[in-house]
Amino acid sequence: MSEVKNHDPECLFCRIIQGEIPSTKVYEDELCFAFRDIAPQAPTHILVVPKTHIASAAEIGADNAALAAHILSALPKIAAAEGLTGGWRIVSNVGDDAGQTVKHLHFHILGGERLSDRMA
């Protein structure tokens, strides 16, 4: 079980990281946690989240930029472990208008097939 800094007891992803809600973990280190999306939009659809509760990419600043950089550096490792040799997409929605349904910073890794040129 992992511990979330600034844990929000109402946050779905905080609860997943804490082990309160089951998930299929694919990667974990001291700062981030990655698991399979329960409603995949591609053959490979993984969510990568920080173990610190940050609402979205709009809250990345000088105090947590190193954490964001760490997560970005983990993405290629996760993609490689998943065998995504032909390419993959990273998505991070910010706010309701962009479709962010869980207010915890997260990055989607999508791949496993040729993805549409359209983003929606």
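I began with E2 and E3, which pair in the antiparallel sense over 5 bridges. The model I am reading is a predicted one. I looked up cysteine 32 and found that its bridge partner in E3 is proline 50.

On the E1 side, I noted that E1 and E2 also pair in the antiparallel sense, over 3 bridges. A hairpin of 3 residues joins E1 to E2. Across this pairing, glutamate 28 stands opposite phenylalanine 33 in E2.

I then asked how many of the 5 residues of E2 are buried. The count is 4, so E2 is largely enclosed by the rest of the structure.

**Helix H2**

I turned to H2, which runs over residues 65–81 and has 17 residues. From its first C-alpha to its last it reaches 25 Å, close to the 24 Å expected at 1.5 Å a residue.

Which residues of H2 are buried? I listed Leu67, Ala68, His70, Ile71, Ala74, Leu75, Ile78 and Ala79. I kept in mind that an α-helix has 3.6 residues a turn, so residues three or four places apart point the same way. The buried residues of H2 pack against strands E1, E2, E3, E4 and E5.

I also checked alanine 65, which lies in H2. Between alanine 65 and alanine 79 I noted 14 residues in sequence and 22 Å in space, C-alpha to C-alpha. Just after H2, glycine 83 takes a positive phi of about 75°.

**Salt bridges**

I found a count of 5 salt bridges. Lysine 25 forms one with glutamate 28, and their closest N and O atoms are 2.9 Å apart. Lysine 25 is partly exposed at 47% relative accessibility. Glutamate 28 is partly exposed too, with a relative accessible area of 30%. I noted that Lys25, Glu28 and Lys51 are linked in a network of salt bridges.

Next I looked at arginine 36 and glutamate 82, whose side chains meet in a salt bridge at 3.0 Å, N to O. This pair links distant parts of the chain, since arginine 36 is in strand E2 and glutamate 82 is in the loop between H2 and E4, 46 residues apart. For arginine 36 I wrote down a relative accessible area of 32%, which counts as partly exposed. Glutamate 82 is partly exposed, with 24%.

Lysine 103 and aspartate 96 form a further salt bridge, with the closest N and O atoms 2.6 Å apart. Are these two residues exposed or partly exposed? Lysine 103 is partly exposed at 37%, whereas aspartate 96 is exposed at 60%.

**Histidine 106**

Why does histidine 106 count as buried? Its relative accessibility is 6%, and the cut-off for buried is under 20%.

I then looked up its surroundings. A polar atom of the histidine 106 side chain lies 2.6 Å from the backbone oxygen of histidine 104. Leaving aside neighbours within four places in sequence, I listed the contacts of histidine 106 as Phe13, Leu47, Val48, Val49, Val91, Ser92 and Gln100.

Note on methods:
Residues are numbered from 1 along each chain as its sequence is written. This is a predicted model: local features need pLDDT of at least 70, side-chain atom pairs count only at pLDDT 80 or more; totals for chains, interfaces and linings use all residues. Side-chain values use heavy atoms; hydrogens and water are left out. Buried means under 20% relative accessible area, exposed over 50%, partly exposed in between (1.4 Å probe, protein chains only). A polar contact is a pair of N or O atoms within 3.5 Å; within protein, one must be able to donate a hydrogen and the other to accept it, and residues adjacent in sequence count only if both atoms are side-chain atoms. Contact means heavy atoms within 4.5 Å. Helices (H or I, at least four residues) and strands (E, at least two) are DSSP runs, numbered from the N terminus. The expected span of a helix is 1.5 Å times one less than its number of residues. Two strands pair if DSSP finds at least two bridges between them. A salt bridge is a side-chain nitrogen of Lys or Arg within 4 Å of a carboxyl oxygen of Asp or Glu.
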